[in-house]
Amino acid sequence: MRVIKLVFFALPGITCFLAFWFAVYPSVCGILVGPVMGEDQMSKNFWILFFGTPLMAIAGGVVGWRTGGLLQVFLLVILNFCFVMVT
């Protein structure tokens, strides 16, 4: 059950990081490659997209997974504290 909860945190992390990547991709290519004048620049843009997309998906998954784990620990501490205060 814990793994399923963490996966549900990882999926939005992946989605957010990929949305961010596709939003900044043209700027990144413009900075790294410059204006497209021929096949060489288009190939470089493709390789940036080819390697950048999975890297950002992995980074988003790791951030979502770690956030979910930290949130679960935080909620358990709060619930235990509330339980101790009530009893």
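Author: Helices (H or I, at least four residues) and strands (E, at least two) are DSSP runs, numbered from the N terminus. The place of N45 is in helix α2. This is a predicted model: local features need pLDDT of at least 70, side-chain atom pairs count only at pLDDT 80 or more, and totals for chains, interfaces and linings use all residues. Residues are numbered from 1 along each chain as its sequence is written, and side-chain values use heavy atoms, with hydrogens and water left out.

Reader: Is N45 buried or exposed?

Author: Buried means under 20% relative accessible area, exposed over 50%, partly exposed in between (1.4 Å probe, protein chains only). N45 has a relative accessible area of 15%, so N45 is buried.

Reader: Which residues is N45 in contact with, leaving aside neighbours within four places in sequence?

Author: Contact means heavy atoms within 4.5 Å. On that basis N45 touches Y25, C29, V33 and V36.

Reader: Which other residues of α2 are buried?

Author: Besides N45, the buried residues of α2 are I48, G52, T53, M56, A57, G60, G61, G64, G68, G69 and Q72. Their cover includes α1.

Reader: How do I read the span of α2?

Author: The expected span of a helix is 1.5 Å times one less than its number of residues. Helix α2 has 48 residues. From first C-alpha to last it reaches 69 Å, close to the expected 70 Å.

Reader: How many helices and strands does the protein have?

Author: The protein has 2 helices and 0 strands. The C-alpha trace spans about 75 × 20 × 10 Å along its principal axes. Buried residues make up 24% of the 87 residues.

Reader: Which residues make the nonpolar surface patch?

Author: Patches are made of residues with over 30% relative accessible area and no salt bridge: like charges are joined within 9 Å, nonpolar side chains (Val, Leu, Ile, Met, Phe, Trp, Tyr) within 5 Å. A salt bridge is a side-chain nitrogen of Lys or Arg within 4 Å of a carboxyl oxygen of Asp or Glu. Accessible areas come from the Shrake-Rupley method with a 1.4 Å probe; for residues, only the protein chains shown count as cover. M1, V3, I4, V7, F8, L11 and W65 make the patch, about 730 Å². Helix α1 (residues 2–32) gives the largest share, 5 residues. W65 lies in α2 (residues 39–86). At 36% relative accessibility, W65 counts as partly exposed.
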